[in-house]
Amino acid sequence: MSNVERDPVSASCTRGPEATEPALHEVEILAPRDVPLGGPRSMSVRRTLPQRARSFVGAWCFVDHYGPDDVARRGGMDLPPHPHTGLQTVTWLFDGEVEHRDSLGSHAYVRPGELNLMTGGRGICHSEVSTVRTTVLHGVQLWVALPNEHRDAERDFQRYVPSPIRKDGAEIRVFLGSLLQAVSPVRTFAPLLGAELILEPGASLTLGVDAAFEHGLLVDEGDIELNGTALSPAQLGFLRPGIRSLTLRNTSPARARAVLLGGPPFEEEIVMWWNFIGRSHDDIVRARRDWEEQSERFGAVEGYAGERLPAPELPNATLAPRRNPRSS
(Lines give C-alpha, C1' and ligand atoms only; values in the text may rest on other atoms or scores of the structure.)
Protein backbone atom coordinates (compact mmCIF):
# COMPACT_ATOMS: atom_id res chain seq x y z
CA MET A 1 0.00 0.00 0.00
CA SER A 2 1.18 3.48 -0.81
CA ASN A 3 0.54 7.08 0.07
CA VAL A 4 -2.55 7.72 -2.07
CA GLU A 5 -3.91 10.66 -0.10
CA ARG A 6 -5.53 13.10 -2.47
CA ASP A 7 -3.99 16.09 -0.65
CA PRO A 8 -0.68 14.82 0.70
CA VAL A 9 1.46 17.03 2.84
CA SER A 10 5.13 17.29 2.07
CA ALA A 11 7.46 15.75 4.59
CA SER A 12 11.12 16.31 5.25
CA CYS A 13 12.24 13.27 7.19
CA THR A 14 13.63 15.28 10.07
CA ARG A 15 12.96 16.40 13.59
CA GLY A 16 11.73 19.96 14.06
CA PRO A 17 14.14 22.37 15.73
CA GLU A 18 11.90 22.72 18.78
CA ALA A 19 12.03 19.00 19.66
CA THR A 20 13.97 17.80 22.69
CA GLU A 21 16.06 14.67 22.53
CA PRO A 22 15.27 12.01 25.12
CA ALA A 23 17.93 10.47 27.31
CA LEU A 24 19.91 7.62 25.78
CA HIS A 25 17.96 4.76 27.38
CA GLU A 26 14.59 6.51 27.40
CA VAL A 27 11.88 5.05 25.16
CA GLU A 28 10.23 7.79 23.12
CA ILE A 29 6.55 6.98 22.50
CA LEU A 30 5.16 7.99 19.11
CA ALA A 31 1.40 7.98 18.55
CA PRO A 32 -0.05 7.59 15.03
CA ARG A 33 -2.48 9.79 13.15
CA ASP A 34 -5.42 8.40 11.19
CA VAL A 35 -5.16 8.92 7.44
CA PRO A 36 -8.07 8.04 5.10
CA LEU A 37 -7.01 6.78 1.68
CA GLY A 38 -9.43 7.63 -1.12
CA GLY A 39 -13.24 7.66 -0.89
CA PRO A 40 -15.81 6.92 1.84
CA ARG A 41 -15.43 3.11 1.65
CA SER A 42 -11.67 3.21 1.39
CA MET A 43 -9.19 2.05 3.97
CA SER A 44 -7.98 4.19 6.80
CA VAL A 45 -4.43 3.75 8.05
CA ARG A 46 -2.59 4.67 11.22
CA ARG A 47 0.53 6.59 10.17
CA THR A 48 3.37 6.67 12.69
CA LEU A 49 6.14 7.98 10.44
CA PRO A 50 6.83 10.64 9.36
CA GLN A 51 5.73 13.04 12.09
CA ARG A 52 7.09 16.14 13.74
CA ALA A 53 8.50 14.33 16.77
CA ARG A 54 10.39 11.70 14.80
CA SER A 55 10.71 11.04 11.08
CA PHE A 56 13.34 8.30 10.78
CA VAL A 57 14.11 4.99 12.39
CA GLY A 58 17.36 4.28 10.59
CA ALA A 59 16.48 4.62 6.91
CA TRP A 60 12.85 3.68 7.62
CA CYS A 61 10.92 6.87 6.87
CA PHE A 62 7.27 5.81 6.40
CA VAL A 63 5.16 3.50 8.57
CA ASP A 64 1.49 2.79 7.85
CA HIS A 65 -0.40 0.30 10.01
CA TYR A 66 -3.87 -0.85 8.96
CA GLY A 67 -6.61 -3.24 10.01
CA PRO A 68 -7.94 -5.56 10.96
CA ASP A 69 -10.45 -4.32 8.35
CA ASP A 70 -13.61 -6.23 7.44
CA VAL A 71 -13.38 -6.26 3.64
CA ALA A 72 -17.12 -6.79 3.24
CA ARG A 73 -17.76 -3.54 5.10
CA ARG A 74 -14.79 -1.42 4.05
CA GLY A 75 -14.29 -2.67 0.50
CA GLY A 76 -10.70 -3.87 0.87
CA MET A 77 -7.69 -2.54 -1.04
CA ASP A 78 -7.81 -1.42 -4.65
CA LEU A 79 -4.89 0.87 -5.43
CA PRO A 80 -4.49 1.65 -9.16
CA PRO A 81 -1.07 1.86 -10.77
CA HIS A 82 0.88 4.62 -9.03
CA PRO A 83 4.55 5.68 -9.08
CA HIS A 84 7.52 5.66 -6.71
CA THR A 85 11.00 7.15 -6.74
CA GLY A 86 13.96 7.07 -4.36
CA LEU A 87 12.75 4.32 -2.04
CA GLN A 88 12.11 0.68 -1.29
CA THR A 89 8.62 -0.43 -0.24
CA VAL A 90 8.13 -3.24 2.28
CA THR A 91 4.77 -4.99 2.53
CA TRP A 92 4.12 -7.29 5.51
CA LEU A 93 0.68 -8.74 6.15
CA PHE A 94 -0.85 -10.23 9.30
CA ASP A 95 -4.13 -11.23 7.60
CA GLY A 96 -5.46 -11.22 4.04
CA GLU A 97 -3.94 -11.46 0.59
CA VAL A 98 -2.94 -8.73 -1.86
CA GLU A 99 -2.22 -9.09 -5.57
CA HIS A 100 0.84 -7.07 -6.63
CA ARG A 101 1.71 -6.07 -10.21
CA ASP A 102 4.52 -3.71 -11.21
CA SER A 103 6.21 -2.21 -14.25
CA LEU A 104 9.14 -4.60 -13.87
CA GLY A 105 6.67 -7.32 -14.87
CA SER A 106 6.36 -8.80 -11.37
CA HIS A 107 3.07 -10.48 -10.50
CA ALA A 108 2.91 -11.77 -6.93
CA TYR A 109 0.46 -12.53 -4.14
CA VAL A 110 1.39 -10.96 -0.81
CA ARG A 111 0.44 -13.24 2.09
CA PRO A 112 0.97 -13.22 5.87
CA GLY A 113 4.51 -14.07 6.90
CA GLU A 114 5.92 -13.33 3.44
CA LEU A 115 8.07 -10.30 2.72
CA ASN A 116 7.57 -8.40 -0.52
CA LEU A 117 10.16 -5.67 -1.16
CA MET A 118 10.04 -3.43 -4.23
CA THR A 119 12.78 -1.02 -5.28
CA GLY A 120 11.75 2.17 -7.03
CA GLY A 121 14.93 4.17 -7.44
CA ARG A 122 14.75 6.23 -10.63
CA GLY A 123 11.13 5.12 -11.08
CA ILE A 124 8.67 2.25 -10.88
CA CYS A 125 4.90 1.91 -10.71
CA HIS A 126 2.68 -0.79 -9.27
CA SER A 127 -0.88 -1.74 -8.33
CA GLU A 128 -2.15 -3.46 -5.17
CA VAL A 129 -5.52 -5.19 -4.92
CA SER A 130 -6.87 -7.40 -2.14
CA THR A 131 -8.05 -10.73 -3.53
CA VAL A 132 -11.53 -12.28 -3.41
CA ARG A 133 -10.16 -14.75 -0.84
CA THR A 134 -9.57 -11.90 1.61
CA THR A 135 -12.16 -11.36 4.34
CA VAL A 136 -9.92 -9.40 6.74
CA LEU A 137 -7.06 -7.13 5.71
CA HIS A 138 -4.40 -6.36 8.31
CA GLY A 139 -0.75 -5.42 8.04
CA VAL A 140 1.92 -2.75 7.66
CA GLN A 141 3.33 -0.81 4.73
CA LEU A 142 6.85 0.53 5.23
CA TRP A 143 9.19 2.68 3.17
CA VAL A 144 12.97 2.84 3.22
CA ALA A 145 14.75 5.93 1.89
CA LEU A 146 17.51 5.08 -0.57
CA PRO A 147 20.93 6.66 0.14
CA ASN A 148 21.85 9.37 -2.36
CA GLU A 149 24.39 7.19 -4.15
CA HIS A 150 21.64 4.64 -4.87
CA ARG A 151 18.71 7.01 -5.38
CA ASP A 152 18.47 6.01 -9.08
CA ALA A 153 18.73 2.27 -8.46
CA GLU A 154 17.18 -0.04 -11.03
CA ARG A 155 13.70 -1.45 -10.54
CA ASP A 156 13.65 -4.61 -8.48
CA PHE A 157 11.22 -6.91 -6.69
CA GLN A 158 12.17 -9.47 -4.03
CA ARG A 159 10.12 -11.98 -2.09
CA TYR A 160 11.25 -13.88 1.00
CA VAL A 161 9.54 -16.22 3.47
CA PRO A 162 11.46 -16.20 6.78
CA SER A 163 11.36 -19.26 9.01
CA PRO A 164 10.10 -18.62 12.55
CA ILE A 165 12.47 -18.70 15.50
CA ARG A 166 11.05 -19.64 18.90
CA LYS A 167 12.61 -18.26 22.06
CA ASP A 168 11.27 -17.64 25.59
CA GLY A 169 7.59 -17.78 24.67
CA ALA A 170 8.04 -15.71 21.52
CA GLU A 171 7.95 -16.41 17.79
CA ILE A 172 10.23 -14.22 15.68
CA ARG A 173 10.34 -13.80 11.88
CA VAL A 174 13.30 -11.77 10.64
CA PHE A 175 12.44 -10.40 7.20
CA LEU A 176 15.30 -7.89 6.86
CA GLY A 177 18.78 -7.80 8.38
CA SER A 178 19.83 -10.14 11.16
CA LEU A 179 18.62 -11.00 14.65
CA LEU A 180 19.43 -13.96 16.88
CA GLN A 181 20.69 -16.60 14.45
CA ALA A 182 18.51 -15.49 11.55
CA VAL A 183 19.89 -13.57 8.56
CA SER A 184 17.64 -12.33 5.76
CA PRO A 185 19.07 -12.68 2.22
CA VAL A 186 17.02 -9.72 0.94
CA ARG A 187 19.14 -6.96 -0.63
CA THR A 188 18.89 -3.43 0.72
CA PHE A 189 20.98 -0.29 0.16
CA ALA A 190 21.46 0.58 3.84
CA PRO A 191 21.81 -1.67 6.92
CA LEU A 192 18.33 -2.47 8.21
CA LEU A 193 16.49 -4.62 10.71
CA GLY A 194 12.90 -5.74 10.24
CA ALA A 195 11.19 -8.50 12.24
CA GLU A 196 7.75 -9.61 13.40
CA LEU A 197 7.56 -10.63 17.07
CA ILE A 198 4.67 -12.60 18.58
CA LEU A 199 4.72 -13.02 22.37
CA GLU A 200 2.57 -15.40 24.39
CA PRO A 201 0.76 -14.02 27.48
CA GLY A 202 3.30 -13.10 30.15
CA ALA A 203 6.28 -13.84 27.89
CA SER A 204 9.47 -11.84 28.44
CA LEU A 205 12.04 -11.75 25.66
CA THR A 206 15.50 -10.17 25.64
CA LEU A 207 17.23 -9.58 22.31
CA GLY A 208 20.81 -8.53 21.73
CA VAL A 209 20.87 -5.75 19.11
CA ASP A 210 23.41 -3.63 17.24
CA ALA A 211 24.32 -0.65 19.42
CA ALA A 212 24.93 1.46 16.29
CA PHE A 213 21.25 1.16 15.33
CA GLU A 214 18.22 3.23 16.20
CA HIS A 215 15.26 0.95 16.98
CA GLY A 216 11.52 1.30 16.78
CA LEU A 217 8.91 -1.16 18.04
CA LEU A 218 5.45 -0.81 16.48
CA VAL A 219 2.81 -2.60 18.57
CA ASP A 220 0.08 -4.28 16.53
CA GLU A 221 -1.93 -6.04 19.24
CA GLY A 222 -1.66 -6.47 22.99
CA ASP A 223 0.24 -4.38 25.52
CA ILE A 224 4.02 -4.61 25.50
CA GLU A 225 6.65 -3.19 27.79
CA LEU A 226 9.80 -2.17 25.89
CA ASN A 227 12.75 -1.83 28.27
CA GLY A 228 10.26 -1.11 31.04
CA THR A 229 8.12 1.42 29.11
CA ALA A 230 4.49 0.46 28.43
CA LEU A 231 3.32 0.59 24.81
CA SER A 232 -0.27 0.17 23.61
CA PRO A 233 -1.52 -0.99 20.19
CA ALA A 234 -0.59 1.36 17.31
CA GLN A 235 2.10 3.13 19.34
CA LEU A 236 5.74 3.04 18.29
CA GLY A 237 8.49 3.01 20.90
CA PHE A 238 11.73 4.58 19.69
CA LEU A 239 15.23 4.08 21.12
CA ARG A 240 18.36 5.97 20.11
CA PRO A 241 21.67 4.28 19.30
CA GLY A 242 23.76 2.96 22.19
CA ILE A 243 21.33 0.26 23.30
CA ARG A 244 22.78 -3.26 23.24
CA SER A 245 19.67 -5.19 24.26
CA LEU A 246 15.91 -4.88 24.10
CA THR A 247 13.60 -6.52 26.60
CA LEU A 248 9.98 -7.01 25.58
CA ARG A 249 7.33 -8.22 28.00
CA ASN A 250 3.76 -9.05 27.10
CA THR A 251 1.54 -7.68 29.87
CA SER A 252 -1.67 -8.72 28.07
CA PRO A 253 -3.86 -11.72 28.94
CA ALA A 254 -3.70 -12.74 25.26
CA ARG A 255 -0.86 -12.89 22.77
CA ALA A 256 0.85 -9.68 21.65
CA ARG A 257 2.37 -8.84 18.30
CA ALA A 258 4.81 -6.12 17.20
CA VAL A 259 7.12 -5.19 14.35
CA LEU A 260 10.71 -4.30 15.22
CA LEU A 261 12.53 -1.87 12.92
CA GLY A 262 16.12 -0.69 13.10
CA GLY A 263 19.10 0.80 11.33
CA PRO A 264 21.95 3.27 11.78
CA PRO A 265 20.84 6.92 11.77
CA PHE A 266 20.15 8.15 8.25
CA GLU A 267 22.37 11.20 7.86
CA GLU A 268 21.04 12.59 4.58
CA GLU A 269 18.36 15.14 3.79
CA ILE A 270 15.36 14.06 1.74
CA VAL A 271 12.15 15.60 0.49
CA MET A 272 9.12 13.29 0.51
CA TRP A 273 5.85 14.19 -1.21
CA TRP A 274 3.07 11.83 -2.27
CA ASN A 275 4.87 8.66 -3.45
CA PHE A 276 8.15 10.36 -4.35
CA ILE A 277 11.39 10.77 -2.42
CA GLY A 278 13.95 13.23 -3.76
CA ARG A 279 16.61 15.59 -2.56
CA SER A 280 15.04 18.83 -3.76
CA HIS A 281 11.78 20.51 -4.77
CA ASP A 282 12.84 20.20 -8.40
CA ASP A 283 13.28 16.45 -8.04
CA ILE A 284 9.65 16.15 -6.98
CA VAL A 285 8.42 18.48 -9.74
CA ARG A 286 10.22 16.38 -12.36
CA ALA A 287 8.91 13.11 -10.97
CA ARG A 288 5.33 14.38 -10.95
CA ARG A 289 5.65 15.76 -14.48
CA ASP A 290 7.12 12.50 -15.77
CA TRP A 291 4.29 10.52 -14.21
CA GLU A 292 1.59 12.78 -15.60
CA GLU A 293 3.19 12.67 -19.05
CA GLN A 294 3.33 8.85 -18.88
CA SER A 295 7.09 8.87 -19.28
CA GLU A 296 8.99 5.63 -19.76
CA ARG A 297 10.71 6.52 -16.49
CA PHE A 298 7.99 4.64 -14.60
CA GLY A 299 6.96 2.07 -17.18
CA ALA A 300 3.48 0.56 -17.14
CA VAL A 301 1.58 -2.04 -15.15
CA GLU A 302 0.04 -4.82 -17.22
CA GLY A 303 -3.06 -6.69 -16.09
CA TYR A 304 -4.72 -4.12 -13.84
CA ALA A 305 -8.41 -3.60 -14.70
CA GLY A 306 -8.64 0.17 -14.49
CA GLU A 307 -6.92 3.51 -15.01
CA ARG A 308 -3.64 4.67 -13.51
CA LEU A 309 -3.77 7.01 -10.51
CA PRO A 310 -3.28 10.71 -11.35
CA ALA A 311 -0.89 12.72 -9.22
CA PRO A 312 -2.35 15.37 -6.89
CA GLU A 313 -1.53 19.01 -7.40
CA LEU A 314 1.69 20.25 -5.86
CA PRO A 315 1.35 22.75 -3.01
CA ASN A 316 1.89 26.41 -3.82
CA ALA A 317 5.17 26.45 -1.94
CA THR A 318 8.71 25.18 -2.30
CA LEU A 319 9.31 21.75 -0.82
CA ALA A 320 12.53 22.19 1.12
CA PRO A 321 14.66 19.55 2.84
CA ARG A 322 15.63 20.08 6.46
CA ARG A 323 18.45 18.93 8.67
CA ASN A 324 18.16 15.42 10.04
CA PRO A 325 17.36 14.92 13.74
CA ARG A 326 20.25 14.57 16.14
CA SER A 327 20.88 10.94 17.05
CA SER A 328 23.53 11.29 19.73
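## A317

A317 is partly exposed, because its relative accessible area of 46% falls in the range between the buried limit of under 20% and the exposed limit of over 50%. The model is a predicted one. A317 sits in the segment after α2, the helix of residues 281–292. Its C-alpha lies 9.3 Å from the C-alpha of H281, although A317 and H281 are 36 residues apart in sequence.

## The chain overall

Two helices and 26 strands make up the secondary structure of the chain. The chain has 328 residues, and 59% of them count as buried. Its accessible surface comes to about 13,300 Å². Carbon and sulfur atoms hold 47% of that surface.

Among contacts with a separation of 6 or more, 74% join residues 24 or more positions apart.

## Helix α2

α2 has twelve residues, which at 1.5 Å a residue should span 16 Å. The C-alpha atoms at its ends are 17 Å apart, so the two values agree.

The buried residues of α2 are H281, D283, I284, A287, R288, D290 and W291. They pack against four strands: β5 (78–84), β10 (124–130), β25 (271–273) and β26 (276–278). In an α-helix, residues three or four places apart point the same way, because there are 3.6 residues a turn. After α2 comes Q294, with a positive phi near 55°.

## H82 in strand β5

H82 belongs to strand β5, one of the strands that the buried residues of α2 pack against. H82 counts as buried because its relative accessibility is 0%. Its side chain reaches the backbone oxygen of P80 at 2.7 Å.

## Salt bridges

The structure holds 21 salt bridges. Side chains of opposite charge can pair when their charged atoms come close.

E171 and R173 form another bridge, with 2.5 Å between the closest N and O atoms. E171 is buried at 19% relative accessibility, and R173 is buried at 18% relative accessible area. Both belong to a network of salt bridges that also links R166 and E196. E99 and R101 also meet through their side chains, at 3.0 Å from N to O. E99 counts as buried, because 18% relative accessibility is under the 20% cut-off.

Definitions and conventions. Residues numbered from 1 in each chain as written. Predicted model: local features only at pLDDT ≥ 70, side-chain atom pairs only at ≥ 80, totals over all residues. Heavy atoms only, no water. Buried < 20%, exposed > 50% of the residue type's maximum accessible area, 1.4 Å probe, protein only. Contact = heavy atoms within 4.5 Å. Areas by Shrake-Rupley, 256 points an atom, 1.4 Å probe, with all protein chains shown as cover. Expected span 1.5 Å × (residues − 1). Polar contact = N/O pair within 3.5 Å; in protein donor to acceptor, adjacent residues only side chain to side chain. Salt bridge = Lys/Arg side-chain N within 4 Å of Asp/Glu carboxyl O.
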